[in-house]
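These are my notebook entries on the structure shown below. I set out what I looked up, beginning with the terms.

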Amino acid sequence: MYWMANAFIFRRRDSPIHALDPRVKLLISIELFTLSLISSTIIHISVTLAVIFSIAALAKILVRIYRTLLFTAGFSILIFVINFLVGYSIITSFVLAVRFIAIVGSTSLFFLTTSPDELEYVMKWFRLPQDVVFAFVTAVRFVPVLMLDAIQIMDAQKSRGLELERGNFINRIKKLAPILIPLVVTAVIRSGELAEAMEARAYGAVKNPTSLYTLTLKRRDKSVGILSVTIFAAVLIYFLSG
Amino acid sequence: MPKIIEAKGFTFYYSGSTKPALSDVDLSIDEGEIVIIAGPSGCGKSTLLRSVNGLIPHMYSGTYQGEVYVNNLKVSEHTISEIAKHVGYVFQNPENQIFMFSVERDIAFGLENLGLPRDEIRERVDWAINLLGIREISLRAPHEISDGQKQRVAIAGVLAMKPRLLILDEPTSLLDPLSALDLINTVNRLHDTLNLTVIIVEHRLDLLVSIADRLVVMEDGRIICNDKPRNVLNDEKLLTIGVGVPSVVRLQHLLKDICSFKTLSLTPSEFVEQINEALG
Amino acid sequence: MIEFINVSYIHQTGVVALNEVTVQFGKGELVAIVGANGAGKTTLVKHMNGLLKPTKGTVKVFGYDTTQQTVAALSRRVGIVFQNADHQLFSDTVEHEIEFGLRNFGFSDDVVKQRVDWALRFFGLKEYANTSPMMLSGGEKKRLCLAAVLAWDPDVLVLDEPTVGQDLLHKEKLEQIIRLLLTQEKTVILVSHDIEFLWPMQPRTVVMSKGKIIADRPASKVFTDDYVLASARLINPQLVELSKRLKLSNEEVFDTIFTAKRWFLTKYRWS
């Protein structure tokens, strides 16, 4: 489970990539994602991976990307083996396996360089409904809090003699009740309190709430955006032409 | 004098309950008053507060008789959002009322919900931040600030909406004593600066009685005392119903059969002054 | 009985939660552990039943090294009641909730029945025996959590912020229970901010700050020391403030209103 944390959790950092407008970061990720899907030869996939790693290097997240990909390596090997057994050549199977790594890498690039705040602004810019955006924000805000609750619950129940590691499979499942029930109850209570607080701050008063901050494209964002689209188009044509 | 709150014969049953949570409550509060609401657990304090900001009857359904008015608006006929412009509500748990990833954005939350233009939001957010003295933490995330700071952020977020009434529901119960004292002093200062009307629900009266204009005591859904703190605390029966009467007041009750004091002292310093006067 | 020998606890992130702490807690003691949030109080207490094991140093409970024992084995003798009742309650009835710990520790059916019965009566929960714990009020839930732990009769009882959000009547009941436990020679350790609750009981007071113990003295010497109180984010209890304004020495400080009354009677010769 740890690799997922490394793959997708944002951490503040000073880099030219992090500083870009989130819409541009999304654009670049989508472009790389598409190239990964279209890659059908070793050259294609190497080019795509090279770009992903260069951008990761620029964003100073090379180590994190590397760790992520190390964990997805297992899955990649599986893809390789299955395709090979089904009848594809070694090279094709290899490309398909590595393609998976590129897909995860390109998505990871976006999430590692974009803060939840920025994600929220992007969602608003796409005119997603207020409830959806708010649900996302609340989830990101409170999942860590709920995780802390879970730890406290486990501590409390262990202190009452609950031993989670002992017993056969069925017993161990039964032993989850003292953990899960308080967790659900706590989560429900929190939601209730949140709902009260939301209402008390006029949530839903207006159909389209305004915003303190808004996304503005700077010159650098525009130039990077245009540059990436041009390069993408060129590479796409090259890939598709065989 | 304009009445901020007026409750007339208000009775409320939560859905499915046969016992009323509030029974025939009459309460009127003038602008600029600081009112404490105290009483044992289950006496109806939180229910009363919810009836003022509209959570009752709009979010918590039930049956009621009588009416509650806030700033001359009938609570039952206005949405919670509408009432939120008049009543600011600060909840007990600092964690569950901060929604956004940064302090500044959370303070803006209510204003964004009201659809105010960006410049006005900016202005009010800055005003609230300065008012509460939280400039250095304005860009921090909720997990990076203490509970005492979180309560200040909550107050800022609520005051940014410029209500005339501020309600605080046990705001200090999860805070250490020094942070609790800080918070109460802040609320007092805000009351003086903005002529805010303040209603606080609290168990621990010792920090509050000296600044309150009125002490309202509830039991079993009814208001049993509603007067200046000095007058209410003179009544010994409060001790039997579980109200946290300050030690210095209990001491004076204990000394009553020995000697009588001119007025009831609410703090140690007042008490010592009285003793020195009485005995020269 | 509980010994901390040069204990340090360092998180994976590098944060030092306990910094070379050495302290002992003996039989029949009443100890208050105070300090600001993050000072290390809860971390200290979690070492007492093995929930946390020291990064450096040793913790011994009844002579046993905690790294050689399971949390369950240690909890049998050191019962901890945590602050949030909602983090513990999960059973369908109050009776089953109290049974939970007893069953985990392997008590026989007869003993379980006996102990559950005792706990229900002692804590005034008999009428709720077949009710769901979720239906109880906040104060009753906390009482139930305490009952569930005392049911297995640990030698040491640790309470983490037991008076938060409680009204006066519940606090008085809690004080009575604590005093009763002390007469039975149990050790009671209270982690609390509630100065007005702690003060009349005059506990041995351990003050923590930034992972260290900065004071370990009787209550009368801690709650009168403004410097120590400030580092623990505490203030004087009202009776201490009154005593100071009356210019009393630290020995004469009023611990309860009855002591204060006697002082007034003698001082001003009222009778």
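I count two residues as in contact if their C-beta atoms, placed from the backbone, lie within 7 Å. The model is a predicted one: local features need pLDDT of at least 70, side-chain atom pairs count only at pLDDT 80 or more, and totals for chains, interfaces and linings use all residues. Residues are numbered from 1 along each chain as its sequence is written, while chains are lettered from A and ligands numbered from 1 in the order in which they are written.

Entry 1: chain B overall.
Buried residues make up 52% of the 280 in chain B. A residue is buried if 20 or more other C-beta atoms lie within 10 Å of its own, exposed if 12 or fewer, and partly exposed in between, with C-beta atoms placed from the backbone.

Entry 2: the sheet of chain B.
I traced an open, mixed sheet of 6 strands in chain B, in the order S6-S7-S8-S3-S9-S10. Two strands pair if DSSP finds at least two bridges between them. Which strands stand at the edges? They are S6 (87-90) and S10 (222-227) of chain B; each has a single partner strand, so one side of each is left without a neighbour in the sheet. I noted 5 bridges between S9 (residues 214-219) and S10 of chain B, which run antiparallel. Leu215(B) has Asp227(B) as its bridge partner in S10(B).

Helix H1 (residues 45-53) of chain B lies across S3, S6, S7, S8 and S9 of that chain, at about 150 degrees to S7(B). Helix H6 (residues 147-159) of chain B packs on the sheet and touches S6 and S7, its direction making about 165 degrees with that of S6(B). Axes are lines fitted to C-alpha atoms, for helices over the stretch in contact, and angles run from 0 to 180 degrees between N-to-C directions.

Entry 3: where chain A is touched.
I found 30 residues of chain B in contact with 24 residues of chain A. H4(B) gives the largest share of that side of chain B, 6 residues. For chain C, 22 residues are in contact with 19 residues of chain A. The elements giving two or more residues to this side of chain C are helices H2 (71-75) and H3 (94-104) of chain C.

Entry 4: chain C overall.
Chain C has 11 helices and 10 strands. Of its 271 residues, 49% count as buried. Its C-alpha atoms fill a box of roughly 60 × 50 × 30 Å along the principal axes.

Technical notes:
Helix = DSSP H or I, 4+ residues; strand = E, 2+ residues; numbered from the N terminus.
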